Amino acid sequence: MNTRRLNATTLVLYGFVGLMSLIVLLPVIYMIMAAFKTRTSMFVSPLALPESLSFETFERAWGVGVGGFMVNSLLVTFLSVVVIVIVSGMAAYALSQMRGWVGQAIYLMIVAGFAIPVQAVLVPVFQIMSGAGLLNSRLALVLPYAAYGIPFTVILFYAFFLDFPKELEEAARLDGCSRFQAFVRVILPLSGPAIASAAIFQSVFIWNEFILALLVLTRRGLKTLPVGILDLQGEFTSDWPAVLAGLTLATLPLLILFVLAQKYFVRSLAGLGK
Amino acid sequence: MSDVKISGLRKSYGRFEAIKGVDLTVADGEFVVMVGPSGCGKSTLLRTIAGLEGADEGAIAVGGRDVTHEEPADRGVAMVFQNYALYPHMNVSGNMSFGLRMAGMAKDKIAAAVERAAGILNIGDHLDKQPKALSGGQKQRVAIGRAITRQPEVFLFDEPLSNLDAALRTKMRVELGRLHADLGATMIYVTHDQTEAMTMADRIVVLRDGLVEQVGSPRELYNRPVGRFVAGFLGSPRMNVVPARLTRREGDRITVSIDGLDDMTRPLDVTKGKDLREGDTVFVGIRPEAFGPPEDSGRRFALKIRVVENLGRETLVYGTPQGFVSDESDAEDGDLVIQFARQKDVRPGQTIDIGLSASALYIFDDAGLTRSFPNDH
């Protein structure tokens, strides 16, 4: 009786999870499938499988600048993630070692920063970037992305460092390291899981970020993928397969990154909430 | 010279005063063990000597040099941690040489220092292994090796054997003793284990609530504790303490009475402290091994046995004495612990006669200070 009920529950749960997965995966599968179709077959039989595995659509998408957008996205993502990881790592380690209410108060303020939506500060950020003469430069994205990524990454690192044996830093200090040297030579090399998951999280956010990029970048040569693909849609209103090929190319790097580092990602998330 | 001189040391965390003014001198080459219950400040004191905690007041000198405000690496000390604190991303050799590499020492000299330390500790075969591939005992040896390679003036040990099992702990205790003899270095060792303190120390420092309660050789502290705290802390099983009444005082002789036993007269060895008067409450301390056979001990009482522990060469008996109760002992509910230095065929539920000689008693006043010692101490 018990086993049957358990089986029924398991079945319902699996069914539910499967359905949710389908809702997420179907558009992705359709995007990849349609990227291989011709313009005609796309409208005549939208749900049919592609007739051949031709990369023509990808070539067309690439030809209008997806490659350049991708390089821009890579640069902005890489720079932002580097800044986020370094600043958040040092801040979180210091905060995790601080005794008393001061550290707690600073930590809470940083956590509070995480709760402010990007949209709420778009106009001030635009004005600041404009005032600083940074519009249409990569810094106009890197700086706000870093500022927005730091609170969450501090939370992530903080949870990791709470479990980090403080004796390791102390042993390093007795071995002649300054606090900074101990951080760089002992703590950072042992923080792989936290760094990997922080990098994935922030890469996903920055890679896909659209509104801020749309506001501060108007020069075509600097545009990132999400904004660049918007242009693609304008030029190819009737070439949906090329648009979807562009989107597939845009999604691919993140998928690869996630697959490569997903074990760190899961391990680090498991430590959150401390 | 690598003596350590601590004077007027104070350390607080917010409102909590962890060290309340400690003065202590550790001689060159001495093995000093600091003991005390959790929260007594022993680890804080060690960490302050290491420079991992800053002192609020007072001074620390190593080899005559004031190091109070020096960085940990510049104090001439090396520390072995309870959880080993080996760098997981370096192999054994990397762990042992890290300090020397940080100091910029030449590669051949580093290799020689690592080889020497590995030889002393018998870990030469493990130099290429990662810490996770080592057993607890091997990890502790590597941690000690890391300290040795730096050739410090003073070794600091923070409960280094606590994570090891009982058998390995005994083995490492002997090895540390041998290491101290071989190196002749000054060593300061923190533990809450009184057996480690008694077996390894040249001198023991007993700490309580951030203050030094007593300093002396293991025998001195065991035989002539300044008070109930030290008397109870050293010795396993701990001393039995029984409340009594001071019934008579004639100059430097006092007579105490325990319910159900004949009065016992003892010399007043310590006159400093509260003036003892007739009617005062005092406490009588009896070591578990100090009870004797009823026929030649002077006083006798009946003991109803509750628990018997046969330890092979000795027998521990936990039981309820007739006529009085204990105030403190390793037994519960006012019972006594009695140690027989032989195998004894007794069972729970049985009542046996126990002898007690007046000459084996410690007498503490109600402030906890020792006022009378046993005859042979």
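1. Chain B has eight helices and 20 strands, where helices (H or I, at least four residues) and strands (E, at least two) are DSSP runs numbered from the N terminus. Please keep in mind that this is a predicted model: local features need pLDDT of at least 70, side-chain atom pairs count only at pLDDT 80 or more, and totals for chains, interfaces and linings use all residues. Residues are numbered from 1 along each chain as its sequence is written, while chains are lettered from A and ligands numbered from 1 in the order in which they are written.

2. On overall dimensions, the C-alpha trace of chain B spans about 75 × 45 × 35 Å along its principal axes. Of the 377 residues in chain B, 42% are buried, meaning that 20 or more other C-beta atoms, placed from the backbone, lie within 10 Å of a residue's own. Taking contacts in chain B between residues at least 6 apart in sequence, 67% join residues at least 24 apart; a contact here has the two C-beta atoms, placed from the backbone, within 7 Å.

3. Now to the domains. Chain B is divided into domain 1 (4–232) and domain 2 (237–372), with bounds from an automatic or database domain assignment. The centres of these two domains of chain B, taken over C-alpha atoms, are separated by 37 Å. Seven residues from domain 1 of chain B and eleven residues from domain 2 of chain B form the contact. On the domain 1 side there are four nonpolar, two polar and one charged residues; Ala, Val, Leu, Ile, Met, Phe, Trp, Tyr, Cys and Pro count as nonpolar, Asp, Glu, Lys and Arg as charged, and the others, Gly among them, as polar.

4. A helix pair in chain B is worth a look. Helix 2 (residues 92–102) of chain B packs against helix 3 (residues 107–121) of chain B at an angle of about 130°, their axes 10 Å apart. The two helices of chain B are therefore oblique to each other, and their crossing is right-handed. From helix 2 of chain B, B:Ser93, B:Met96, B:Ser97, B:Leu100 and B:Arg101 meet B:Ile110, B:Ala113, B:Val114 and B:Ala117 of helix 3 of chain B. By class, that contact has six nonpolar, two polar and one charged residues.

5. Last, the chain interface. The contact takes 15 residues from chain A and 18 residues from chain B. Helix 7 (residues 166–174) of chain A gives the largest share of the chain A side, six residues. That side of chain A divides into eight nonpolar, two polar and five charged residues.

How values were computed. Axes fitted to C-alpha atoms, helices over the stretch in contact; angles between N-to-C directions. Parallel < 35°, antiparallel > 145°, perpendicular 65-115°, else oblique. Left-handed = near helix turned anticlockwise from the far one by under 90°. Buried ≥ 20, exposed ≤ 12 C-beta atoms within 10 Å, placed from the backbone.
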